[in-house]
Amino acid sequence: ARHLLHAGPRAAAADAAVLAAEAARRSLDVPGALGHLEDAARLRTGVAAAEPALAAAELATALGDYPRATTLLEQATRAARTWRESPEAGSDSAPLPARIALAGARLALRQGRYDAAESAALALLPEGGDDEPGAGPDDTLALEARALAARAQIARARYAEASRLTDHPLGAALGEPPARTRARAALAETAGLARFYLGDLDAAERPFDAVAAAARLLEDDALLGRARSLAGMVAQQRGAIDVAAGCYQEALTLAQRASDLHGAAVYAANLGAALKERADYAGALARCADAVRDLGRLGRTAELAGALFNRGVLLIALGDLPGAARAAARAHAEAAALGAPLMAGYARLLEGDLLRRRADLAGAAHAYQEGERQFTSAGASREATLAALNGIEILLETGRFAEAHGALSRRTSTSTSTSTSADLSPVSYTHLTL
């Protein structure tokens, strides 16, 4: 591929670059695969350049390189302008412009631009939102779009809306294309998360079980790991900590076996949170450290914020205040570099806990207020409520009862339609989801 890139015909060099990208992905060299796809997109002309540009954009999104992903999506969009006149327009795949739009919605979701993500995903649904008839590529893309729009709603604590949007046949059908089974699994996962955050754990289990069934049908260890982690979340919320830890450990083992580095990092973070609740602090610290290290390498912005928060809270519990301060400082630095208000909110929340432990209640109250502001700007209503409640606790501790009552009334009035009993519980960890 390297020889053709420099000396061969452009078409042959582009084809070789695509093959090199596939080989790099098989060897888990995702940055290398991204570079090869960029080469292919540069070497090809017209609509032929769109596919490698789109594939490269999706890899850049997965790696957390959002400016690069944005540039590649713009390149794919330009290249796809003549798609309807091309032979590919009559193929069995979903329309290229729609796939580019879905990738753009996914990028917006990862960036925390939840309004943009939801709008772009909903625009891909058929008139009236009925994407069930048939099993063609358009239907599969619509399932993915429905799941993505609902994830954007969940991110803003609009759980009831997300639950309605995902109220859809979730079970995989025998003989359907694997891509459609995966799309159903994504929708089932999102349906379960909406119900989980609404506090209906029994209702959440049913779609989570559908994710596990899809994983077994596809013989996909990475997807099965995802299902086991979801089961762990339900068990942890029910207080069955040993069961939750076992689920997270199974998820971690499955992800490692499938070379799913992202999943393994997320499940390590959740396992660390469960071990902390079980008072296994050494095990919890090790798993949290693994999660922070691996998520940092992968560039997973929002998930890294949650992992740093979990690690910092654990360090505070262990009395390692300098270590917790380093975790908060890193979260602040990452948030500033990436312009990520969700990460900034977690950094402020951790800073508030740290200052509270140091008996600097005024500083802690300010940090919680800033955290609430950052979470609100990110559209993260549940996290904003949690930050506000921490600030209210400070008011109560300092005898400012009237202010605390007023603040609680204001927060309750702004979150009545989204909060659940789980929203009002103390924050000792946060679940990470893929």
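Predicted model: local features only at pLDDT ≥ 70, side-chain atom pairs only at ≥ 80, totals over all residues.
Local features need pLDDT of at least 70, side-chain atom pairs count only at pLDDT 80 or more, and totals for chains, interfaces and linings use all residues. Residues are numbered from 1 along each chain as its sequence is written, and side-chain values use heavy atoms, with hydrogens and water left out.

The structure holds four aromatic pairs. Rings of Phe, Tyr and Trp (its six-membered ring) pair if their centres lie within 6.5 Å; planes under 30 degrees apart are stacked, over 60 edge-to-face, and the rest tilted. Phe309 and Tyr346 form a tilted pair, with ring centres 5.7 Å apart and planes at 45°. Phe309 sits in helix 16 (residues 301-317) and Tyr346 in helix 18, 37 residues apart. Helices are DSSP runs of H or I, at least four residues, numbered from the N terminus. Phe309 is buried at 1% relative accessible area. Tyr346 is buried at 8%. Buried means under 20%, exposed over 50% and partly exposed in between (1.4 Å probe, protein chains only).

Tyr346 also pairs with Phe375. This pair is edge-to-face, at 5.3 Å centre to centre and 85° between the planes. Phe375 lies in helix 19, so the pair ties together parts 29 residues apart in sequence. Phe375 is buried, as is Tyr346. Elsewhere, Tyr159, Phe196 and Tyr197 form one aromatic cluster.

Most residues other than glycine have a negative phi. Ser259 has a positive phi, near 60°. Ser259 lies in the loop between helix 13 (241-257) and helix 14 (261-277). Ser259 is partly exposed, at 33% relative accessibility. Ala359 has a positive phi of about 70°. Its loop runs between helix 18 (341-357) and helix 19 (361-377). Ala359 is exposed, at 62% relative accessibility.

Conventions:
Helix = DSSP H or I, 4+ residues; strand = E, 2+ residues; numbered from the N terminus.
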